[in-house]
Amino acid sequence: MGDVTPFPNRGGGQTAFDRSELTRILDLYGRMVAAGLWRDYAIALERDVAVFSAFRRATERPEYRIEKRPTLRNRQGMWALIGEAGMVLRRGHELAPILAPVERRLMKLVAP
């Protein structure tokens with residue numbers, strides 16, 4: 001009864017969005033919800049990737065996925081915008097240019 005068994009360590013942390021990144025992504029999500037384009041989202045935090053997925057409906061594939069892969073930081077950039085078909089639409093080192101195509105789509109809907 002006196003033996004304590006340590007919890008098994010999986011050998012590393014997980015990749016996550018920091019506060020400013022998540023604020024930027026959720027701000028865009030809120031504007032897309034207000035425009036009636038998105039209705040649901042999911043966040044997956046794994047060892048090598050953090051993914052924010054935005055859905056038109058909860059039962060469909062995500063319309064967009066925003067991925068953060070720190071292992072690609074020195075190569076193509078750690079950020080990627082992936083479309084519904086799984087095709088990489090944008091890739092880069094900064095989050096703002098990755099979100100630009102989605103924000104432009106929102107601007108077109110608002111403009112007369």
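## Arg65 and its partner

Arg65 is partly exposed, with a relative accessible area of 25%. Buried means under 20%, exposed means over 50%, and partly exposed lies in between (1.4 Å probe, protein chains only). Arg65 forms a salt bridge with Glu67, with the closest N and O atoms 3.1 Å apart. A salt bridge is a side-chain nitrogen of Lys or Arg within 4 Å of a carboxyl oxygen of Asp or Glu. Glu67 is buried, at 7% relative accessibility.

This is a predicted model: local features need pLDDT of at least 70, side-chain atom pairs count only at pLDDT 80 or more, and totals for chains, interfaces and linings use all residues. Residues are numbered from 1 along each chain as its sequence is written, and side-chain values use heavy atoms, leaving out hydrogens and water.

## Bridges across the chain

The count comes to eight salt bridges. One of them joins Lys68 to Glu21, at 2.9 Å between the closest N and O atoms. The pair links distant parts of the chain: Lys68 sits in strand 3 (residues 64-68) and Glu21 in helix 1 (residues 19-34), 47 residues apart. Helices (H or I, at least four residues) and strands (E, at least two) are DSSP runs, numbered from the N terminus. Lys68 is buried, at 9% relative accessible area. Glu21 is buried too, at 11%.

Glu103 and Arg31 also meet in a salt bridge (3.3 Å, N to O). Here Glu103 lies in helix 2 (residues 95-110) and Arg31 in helix 1, 72 residues apart. Arg31 is partly exposed, at 34%. A network of salt bridges links Arg24, Asp27, Arg31 and Glu103.
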